[in-house]
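Okay everyone, thanks for coming.

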Amino acid sequence: MAPLSPVGRLAATVDRLSREVRAAQAEAEGRALIELAKGILVARLGCGPAQAARQLAELAEQSQVTPLEFAVDVINQAARDRMSEVTDAFLTATAAVRATDADDGDDDGDAGETVAESAAVRLRAAESGALAADDTQAVADALLEQALRPLGAVAVAIWAAGYDGSLTLAGSAGFSPAEATRWRYVPPDVATVARSGLTEREGQWITSLAGTGLPSVGRHQYPDGGRVAVPAGTGGRIHGVLEIAWPVPLAPQPPQVVRQVEALAELCAHTLESYTPADGAGQEPPVMPDSVELMDLADGLYDPALVLVPHLDAAGNLADFRIQHVNKGFLDPAGRPRAVVRGALLLEAYPMAAGDSELFQNVERVYATGEPFRARRINLTALVDQVPLSAVADISVSRHGNAVLLIWRIEDETARLASLLQHAQRLGRIGGFEENLLTGEITWNGQLFDLYGRPQTSTPVPLEELTAHAHPDDAVTIGRFLRTLLHHRRPASAAFRLQRPDGVTRHVRAVAEPVLDTDDRLLVVRGAYQDISAQHWTEVALAATRDQLAHSEQQAIERNRLTLQLQHAIMPPEQTPLKVPELQVAVRYRPAETEQLVGGDWYDAVMLPSGRVLLCVGDVAGHGIEAATSMVVLRNALRGLAVTGAGPGQLLSWLNIVAHHLTGGVTATAVCGLYDPARRTLRWARAGHLPPVLVRGTVAKPLPLLKGMLLGAVAEAVYEEDEVQLAGEDTLLMYTDGLIERRDRSVEESLAQLLSTVRPTPNTLDQHLDRLLTYSRSDTDDDTCLVGIRVG
């Protein structure tokens, strides 16, 4: 062997001395654990130290383990702490493996037991080294050498969480000094591996750092290695994060290893409780007020405020918060005196805080991380259920030292009316309104009463009754306005003709916006009406001038206008209902929102000479004048064929021949029904169309899917019939796919949504059909036809 160079001899000497130092440290820590176990035996057996030492040696020999391993077992039985729980889990798993090995003749159980016992020794040795360390850096060294290297880890970082959300590297081992210095301080809101453990508040086990894109200390040293970030907290409060690095991708770890790491993080939390950053190690946390100062601060607030302190259970876990102080401005939402609330537990005084509002969870999160929480317009039912649903407040939660300050600001009637005036001025400065959809309360200002031509002592008009006060031709516009506002919950505007009781018609524009609570529920609608009559006539004059200058576009415009006129001539948006004893009949037609997409949807409801009622809806494929004219042919043909007295299946067979031979080969879908008022029965058939929906009581379901090909596809087709017996108060609906069709959903999902919408049945059939058009979720801009009957 070649002699070593002077540098090589020096390196060998340094390596030997390092091994000797580590061995001496391990021996010292082992002696400390043995001495602790002796003390436990002295207390239990009532003997002297020498006799306890002999007893420890004899029991270790009988158990066939080393004195150090037996000493750790004695400590675990006496302590019953987190380290003991982790060791018990290892031993339980090892026992199961040993039993399995005994059954199959394998002898690996002893090896598993040795691993479990060595894990117990490592954990206690790491704990002993950490408790003996004089700073967090020494704790990091002890954790890496005693507990983490046997798990394959190569580096560890202990992060202290600052009050402002920053992270300070309190101690590290296995990373180069230059890397540790570069990562000494991480500002707030910077996404790192350690911050993911802090914000998620649970252990983050990352297979490979390369796949996350998250920066972290030592990323250049171990670019493909696994990482673990576990929050270090005690009693519900997080003091920092324990981050561990592996040199290679990390395989899924067994539960016993996960518990080991969590126990080590809890050990770090006790160290971080008293940690103070050194000069230049980052921003110093602000000085926190003590309990008395925080109470004085709360008393100086005008809004109601509570000072909360953590309440721990017997195991030291956060169970609740005790209301240590209520300020002078405190008004309990339930009307209780301050003395009753002060000193009580938060969930005892306000049990609803743990409900859907998640208020308690937010208080718990603020206490754990120190990150403040703000929320606007939370219902006070989040605190107690004895307050009106309309009572709302703004909530603020912040941590100060070991206490939490909870503040809420209740909106009173004066503030609400002031807000109403402010929004009315912003939206129109003409006539403002606010409608509470939960209580039904409606507020108008004086200008709005004047615009409607109504005395200020009269009852304001609800939004859902707006159609009754407008020109009939504007019903479709108002329906879209209400649908956008009430169903889609988006700001909306509409221009229409308002018909006043004095006979005057005014052109008005309505502008409104929804107000949602924190749970995204619609609470209030507020807005304004503006008289735009003069502006309307000016726009009419300008439009006439533009039409004269746009002669090149006149043909297309005329074509669409004629198509719409043809549709309205055959199918007006509303028609006079049929007069049938003990039967309500209503129809609705909503044209496409885009004029260029004029389609071939059609409906019919007519009394036949036989006394039966013909009910049908259909949809011709395509758009434009061709689809509209084909629709007229099919609709009139079905009327004429129905006079023959044939059943719906035969009628559709004949109509299929008409579609195939006499309309230029168009295709269409349809549903045809014949209602017998005397027997209260509906005999029906379908041609490629969605079946009708029957609403009986609180249950809505489609009729069975009968066999029937779409019209015009083949020269001859046979259509299956079915008969349904209707009862009093039953409602039957026929519709075209423009009512439910969506680009992002299947027909089955859209039909399910329709069934949930039709279940609440309003007082009249007309209101029922209007409700369906308002709350329809379709988005394909297609025509929509509705036919409904309700048995008396």
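**Hairpin, sheet and loops**

Let's start with a pair of residues: Leu312 stands opposite Leu318 in S8. Before I go on, a word on what you're looking at: this is a predicted model, where local features need pLDDT of at least 70, side-chain atom pairs count only at pLDDT 80 or more, and totals for chains, interfaces and linings use all residues. Residues are numbered from 1 along each chain as its sequence is written, and side-chain values use heavy atoms, with hydrogens and water left out.

Strands S7 and S8 (residues 318-326) run antiparallel and pair over seven bridges. When I say "pair", I mean DSSP finds at least two bridges between the strands. Helices (H or I, at least four residues) and strands (E, at least two) are DSSP runs, numbered from the N terminus. S7 and S8 make a hairpin with five residues between them, and Gly316 in that turn has a positive phi of about 85 degrees.

What else does S7 pair with? Strand S7 (residues 305-312) is also joined to S11 (residues 403-410), antiparallel, by four bridges. There, Ala305 sits opposite Ile407 of S11.

Of its 792 residues, 45% count as buried, where buried is under 20% relative accessible area, exposed is over 50%, and partly exposed is in between (1.4 Å probe, protein chains only). Among contacts in the protein chain with a separation of 6 or more, 61% are between residues 24 or more positions apart; a contact means heavy atoms within 4.5 Å.

Now the sheet I like. Five strands form an open sheet in the order S18-S19-S20-S21-S24, with antiparallel pairing. Strand S18 (599-607) and S24 are at the edges with a single partner strand each, so one side of each has no neighbour in the sheet. From one strand to the next, the twist averages 15 degrees. S21 (residues 681-687) and S24 pair antiparallel over five bridges, and Arg683 has Glu723 in S24 as its bridge partner. Helix H20 (residues 648-661) packs on this sheet, touching strand S20 (668-676), S21 and S24, and its direction makes about 30 degrees with that of S21. For those angles, axes are lines fitted to C-alpha atoms, for helices over the stretch in contact, and angles run from 0 to 180 degrees between N-to-C directions.

Next, loops. Most residues other than glycine have a negative phi. Which ones here have a positive phi without being glycine? One of them is Asp520, with a phi of about 65 degrees. Asp520 lies in the loop between strand S15 (505-516) and strand S16 (522-531), and is partly exposed at 41% relative accessible area. Another is Glu729, whose phi is near 75 degrees. Glu729 is in the loop between S24 and strand S25 (731-735), and counts as exposed, with a relative accessible area of 58%.

Last stop, the surface. Where is Met709? Met709 lies in the loop between strand S23 (699-702) and strand S24 (721-725), and is partly exposed, at 41% relative accessibility.
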